[in-house]
Amino acid sequence: MLIGMAVQFFSVNDALDRKILDAQFEFLRAYYPQPVKNDVVIVGIDEQAFKSFREPFALWHPYLGTFLRAMAQGKPSVVGLDIVLPEYSYHFLLPQYDQSLLQGLITAKSEIPVVLGKTLDDSGAFRPIFPPYVSLAGRDEIGSVMFCLDGDGVARHFKENLCAENTETTTLAGRMAAHIGLHQSWQGLVDYSIGDPFSYVPFTQVLQWYTQKNETELKRVFKGKPVLLGAISPFDDRLNMPVAMAAWEPLNHRLPGVLLHGQVLRSMQAHGLIRDVSGILVMILSAVATLFWFGRGSWIKSGLFVIFFPGALLLSTSMLWQSRFFPVASILLAGTFAFLARMSYEAWRQMLERRQLRNTFGHYVSPQIMNEILSGSIKPGLGGTRKRVCVLFSDIRSFTARSEQLQPEEVIGLLNTYFSEMTASVHKYGGTLDKFIGDGLMAFFGAPQSLDCPEKNALESAQDMLMRLNEVNKRLQLQGMEPLRIGIGLHCGEVIVGHVGSESRNEYTAIGDVVNIASRLEGLTKTLKYPVICSSVVAEAVGHAGGLVDLGQQAVIGHSDIPVFGWNPPIVNQFVNTKEN
């Protein structure tokens, strides 16, 4: 919550708010257009005008005078000149040269209000205007054409007094608004959502209407409307705007400043500049958005978060349409941070829980079963499925008699050492350790993790078990203890694997005739003198490779005779090789 409030307080969200605002302006212009009554008329000094007159712009006195006389005939509500006016007299160049502009200004002022624009020079100071022009227009009819820009260099905000405090210089648009009855200390966002793209009346066209004494056309175009005169050529100073405002440049956002004055006047005439909602309200809502922290992840919470984004944007856009700026970036950022922070926290907790489960139960179930449980592949509850697996049984020879000669602690220690190595062999080759049965163990290959050839994995595991037993026996020999000898039985076929037991206590195991036969084959290792005995099914699956020896049909307790194979893996081991020499 503190982070969400800090985002708002330190305005780190301003850049995002600007992007959202610009997109909202574009959206409202495209889908909810608001035409402007008594719209501003732009008279543009374009490239054609510069080509039509040979004099430099500083000597356009006759043409500007003619324009002002034309405006007197057209009867606009107010005229604003967003141009650089002469700083001094050009009488030295041509006697009475200033008179044409002076007479035009006198004629216009007798019929309509005229506001002169004041620009800056290269040093940043206001450029002076030839005093007689100021006297004729009136000292209160001078307005600055400068605009303050946002941090990204785009003109969005408008404020009287040049966006600076304690100055009496007001803006061209503000002076013009006063003449059409809009008296206010203007401050706020320019409403770029209203009005059509600006078109313009060419400066030369206005002069032509006046020369042709076409007063009818002048009144049709200008009567009762605010008029702005300004340069619109590509080489004049331009400003970045949030939307494309020029009909003759439909994709360009860098536009002549006269269009910005026109959009400001549009905003003033329509419903005033856009005002900001209370910053305290935004801060409170940003804090409220952090409530997404609470509650674990669920479909309901995720659904609310998905609705939260378009809902906040829709509310903000609706308020913008009603001339209120409701910045939502801090609210969206606070909500997103809270939601993602909680998701990260929950993920971290789940990771810890999974790690704890692995550490706690990893000693009780095989890694394959643990992975399947954690991934959700093995569902809780009783039940099973049929799968083809290779079952492995192993047992230590004469361990009961041996354990009677040892202390209980020594028996447990010896078994733990032995089973640690055997378990590693089973897991190494993708097997599942089913259970320990006294000094024996049962494992199966092919469930829950499917294997291409479970028989091959089981045989490789049996060989690895014998190799590991060899190392265990070497350590026992150093301790002066008798080596261990084991027998391994393997059989393959379809079994039922799944949870067996009660609702309160069950285990993942395999049951079926295949399990019984594998157990009986392990018992045959005692009489047939091979450390590994497998069924013919296992031998055929691996192509009788690795030195498997056909031992023919053998009697299996509780079952009809079956063909079996003996295997003495190719390892040099004086302890595990129990085949009679």
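Secondary structure to start: the protein has 19 helices and 20 strands. Both are DSSP runs numbered from the N terminus, with helices being H or I of at least four residues and strands being E of at least two. This is a predicted model, where local features need pLDDT of at least 70, side-chain atom pairs count only at pLDDT 80 or more, and totals for chains, interfaces and linings use all residues. Residues are numbered from 1 along each chain as its sequence is written, and side-chain values use heavy atoms, with hydrogens and water left out.

Now overall dimensions. Along the principal axes, the C-alpha trace spans about 135 × 45 × 45 Å.

Next, contacts, meaning heavy atoms within 4.5 Å. Take those with a separation of 6 or more: 74% of them join residues 24 or more positions apart.

On to burial. Of the 581 residues, 47% are buried. Buried is under 20% relative accessible area, exposed is over 50%, and partly exposed lies in between, with a 1.4 Å probe and protein chains only. The exposed surface comes to about 28900 Å², and carbon and sulfur atoms supply 56% of it. Those areas come from the Shrake-Rupley method with a 1.4 Å probe; for residues, only the protein chains shown count as cover.

Charges, quickly. There are 50 positive and 54 negative side chains, and the centres of the two sets lie 3 Å apart. Lys and Arg count as positive, Asp and Glu as negative; His and the chain ends are not counted. Each charge is placed at NZ of Lys, CZ of Arg, CG of Asp or CD of Glu.

Which residues have the most contacts inside the largest nonpolar core? They are F67, L81, L116, F203, V206, F222 and L229, in a core of 39 residues. Helix α4, residues 61-74, gives the largest share, six residues. A nonpolar core here is a set of buried Ala, Val, Leu, Ile, Met, Phe, Trp, Tyr and Cys residues joined through side-chain atoms within 4.5 Å. Beyond four places in sequence, the contacts of L229 include L64, F67, L81 and F203.

Is S536 buried or exposed? S536 is buried, because its relative accessible area is 13%. S536 sits in helix α19, residues 536-541, and beyond four places in sequence it contacts P563, V564 and F565. I307, in helix α12, is exposed, at 56%.
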